[in-house]
Amino acid sequence: MSGSDALAPLALAGRQFRSRLLLGTGGIPNLAVLERVLEASGAEVATVALRRVDPEARGSILDVLARHRVEVLPNTAGCYTAAEAVLTAQLAREALGTDWVKLEVVADDRTLLPDPLELLEAAEQLCALGFLVLPYTTDDPVLARHLEQVGCAAVMPLGAPIGSGLGIRNPHNIELIVEQARVPVVLDAGIGTASDAALALELGCDAVLVASAITRAEDPPAMAAAMRRAVEAGYLARRAGRIPPRTLARASSPRTGLARLA
Amino acid sequence: MPSSPTRSAVTPSAPPLDLLGPPLDPVGSLRRTDVVVLGGGIIGLAAAWSLAEQDHQVVLVDPAPLSGASWVAAGMLAPVSELHAAEAPLVGLGLAALEHWPAFAQALTEASGLDLGLRTEGTVLVAATPDDHRALLELLDLHRRLGLASQPLTRREARQLEPGLAPGLAGALLIPGDHHVDPRLVARALALAARRAGVRWVAAAGSALRCRRGAVEGLVLDSGVHLDAPAVVLAAGWRSAAVDGLPPTLRLPLRPVKGQILRLATRTGTVEGPRHCIRALVEGAPVYLVPRRSGEVVLGATSEEQGADPTPTAGALYELLRDAVAVVPGVRELELTEVGVGHRPATPDHGPLVGPLPAGSGADGLVLAVGHHRNGVLLCPITAEAVRAAVEGDPLPDALGPFGPTRFSPDLGGATLEAWTPLPEGPAPR
């Protein structure tokens, strides 16, 4: 692609990716569907909950990801305290030989919202242990700044609670996070359909992580294809310079110099 | 001090191996037989029984029959409530398999003289929260589009059918055609029927398939003993791929999917157990309660990608009980009798691999009956019929057509299942 429709690579945690769509694997109906989702999405990174998958087991989700050359981003889903999350990250590093981790420390089962205090504590500890930390956080710009300051390699604010499909509920906060961040911003959680993913990129996010919206869709590979295009569209639109919104109409064709046809 | 009677509250009971008869040493006439069945779960036992009923000499090879998934399974015959939009091809197989059940149950009851605990009251699907109710209505929509019998219930109707349901539930469906059976009674009946039909049991593991000139010659046991047979049925669950000597072009992508399951029991003088099989969504998590006439209630189950890990965990039991109590509060009063852990034999698309290897595959005479995942009990009769047909050269049941044994083996001409078949009348945009 040339010039105006070029998609720049995504630089994330010392890696480069062509795709700005990261995939969450939770909720995938089966491994055959996952293969088709991987092909349709073009995703190069997939998160896997290390508490839910035995890395030694053969024929598992990890084998499918390896066959498709998709990089595994281990996450700490299911952790409620900083101590649990740090331990889980260390086990993941040992099992997978990776240096990065998507840090999740949730406050309760009902909302699965990040616990800000435990999250910051765990992020600080893991950064000190040499991890490249990608924290799943609320859409609070102040917390995002703290996470960046303790050394996180990216921030991953939510659009809405995990699995809710409610879209981006506070676009303004996401814009504030984007505006101040010097690390990549990855919109994580809340995406319901393709337009939500496009909006994330239009707001200036560097990438989007989508799980349930694809894995629990009626036709997961079709939704994966839609998300891939939405992310590309949002990225291009952000750089294309959108028109300012107006209250009243402005004709798209000139109203003077019309040909006299009669 | 007087000793109080104790019992181990949560240790699974042992399978009824006495019904299968004593294991035999493979000597003399045992060394040469018509069919060797490797694997003595209900799939292998049903196949062995079906073949022996047709006067084939059958030797069953398993160091510990019925010790695998069969013995912990809940026994739901529930293709409609199991339906998942992304796995629509499985529902056709499930419905066809269900049609095989009545005749199978009758024949097995006649052959064994034992009851199977088959119950046909239907299954009640329950949504705990408004979010779960939306998911249930989507499933109802899918049922309608596929022409499957499914009936929405008001909360009052649901609680008339099942008075033990919690008052605050968000909604319910009745699936009249989804039944259940007690797999442990089925296992007992199969063991007895197989023995009566002349199936002989060798307590050994199979270590290698032996082939010559492109055809099966028999099985080598872990003791080194050879069993000669022109037909070998592979029915060893998720361990099946570990057998040596399979054709190198045959890909058997089987993996264990761990399930934790509880067995509870009603106690006299306290609450009744449920009347129907109840399957619920609680904050998005599935849980089921399957009642038996004996008063047993099976509560399940987790689905974990933890390899062959046999450990029961506190968190899984907590979540199963928490969700079950949310749906049926009286579960609190039941006795906890067993904590079971089993491993479903899963393929990448969750469909089974059933049928004879095609000519030219290098193992003529090898029949696969593996990969039944969550549906081993439901698929048991149709699989047994398919194995009988394969050994006798008859056509297999049509519904098994897409689930052939070489589905994951491109070098054997296998074509993978279309993982997602477009459903009729797409969903209304939301």
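**Entry 1: strand S6 of chain B**

The model is a predicted one, in which local features need pLDDT of at least 70, side-chain atom pairs count only at pLDDT 80 or more, and totals for chains, interfaces and linings use all residues. Residues are numbered from 1 along each chain as its sequence is written, while chains are lettered from A and ligands numbered from 1 in the order in which they are written.

S4(B) and S6(B) run antiparallel and are joined by five bridges. I count two strands as paired if DSSP finds at least two bridges between them. Strands themselves are DSSP runs of E with at least two residues, helices are runs of H or I with at least four, and both are numbered from the N terminus.

On its other pairing, S6(B), residues 171–175, is antiparallel to S5(B) over three bridges. B:Pro152 sits opposite B:Leu173 of S6(B), and B:Leu153 sits opposite B:Ala172.

I then checked burial. A residue is buried if 20 or more other C-beta atoms lie within 10 Å of its own, exposed if 12 or fewer, and partly exposed in between, with C-beta atoms placed from the backbone. Five of the five residues of S6(B) are buried, so the strand is largely enclosed by the rest of the structure. B:Gly171, B:Leu173 and B:Ile175 point one way from S6(B), B:Ala172 and B:Leu174 point the other way, and all are buried.

**Entry 2: the eight-stranded sheet**

I traced the open sheet of chain B in the order S5-S6-S4-S14-S15-S16-S13-S17, eight strands with mixed pairing. S5 (151–153) and S17 (335–346) of chain B are at the edges with a single partner strand each, so one side of each has no neighbour in the sheet. Neighbouring strands of this sheet are turned by 25° against each other on average, direction ignored. For such angles, axes are lines fitted to C-alpha atoms, for helices over the stretch in contact, and angles run from 0 to 180 degrees between N-to-C directions.

Helix H5 (residues 130–145) of chain B packs on this sheet and touches S4 (123–127), S5, S6 and S14 (277–282) of chain B; its direction makes about 135° with that of S4(B). I take a contact to be two residues whose C-beta atoms, placed from the backbone, lie within 7 Å. Helix H8 (residues 314–327) of chain B lies across S4, S13 (255–265), S14, S15 (285–291), S16 (296–300) and S17 of chain B, and runs at about 75° to S15(B).

**Entry 3: the three-stranded sheet**

I also found an open antiparallel sheet of three strands in chain B, ordered S9-S10-S11. S9 (206–212) and S11 (226–228) of chain B are its edge strands, each pairing on one side only. S10 (residues 215–221) of chain B pairs with S11(B) in the antiparallel sense over three bridges, and B:Leu219 has B:Leu227 as its bridge partner in S11(B).

**Entry 4: chain B overall**

I noted nine helices and 19 strands in chain B. A compact globule of 430 residues would have a radius of gyration near 22 Å, and chain B agrees with 22 Å. The radius is taken over C-alpha atoms, and the globule rule is 2.2 Å times the number of residues to the power 0.38. Along the principal axes, the C-alpha atoms of chain B fill a box of roughly 70 × 65 × 40 Å. Buried residues make up 55% of chain B. Of its contacts between residues at least 6 apart in sequence, 77% join residues at least 24 apart.

Chain A has nine helices and 10 strands. Its radius of gyration is 20 Å, close to the 18 Å from the globule rule for 262 residues, so chain A is as compact as a globular protein of that length. The C-alpha trace of chain A spans about 80 × 40 × 35 Å along its principal axes, and 50% of the residues in chain A are buried.

I looked at one helix pair: the axes of H1 (residues 31–41) and H9 (residues 220–240) of chain A come within 8 Å and cross at roughly 20°. That makes H1(A) roughly parallel to H9(A); the class covers angles under 35 degrees, with over 145 roughly antiparallel, 65 to 115 roughly perpendicular and the rest oblique. Residues in the contact include A:Val33 and A:Val37 of H1(A) and A:Ala224 and A:Met227 of H9(A).

Last, the contact between the chains takes 20 residues from chain A and 20 residues from chain B. H1 and H9 of chain A are the elements that give two or more residues to the side of chain A that touches chain B. H1(A) gives the largest share of that side, four residues.
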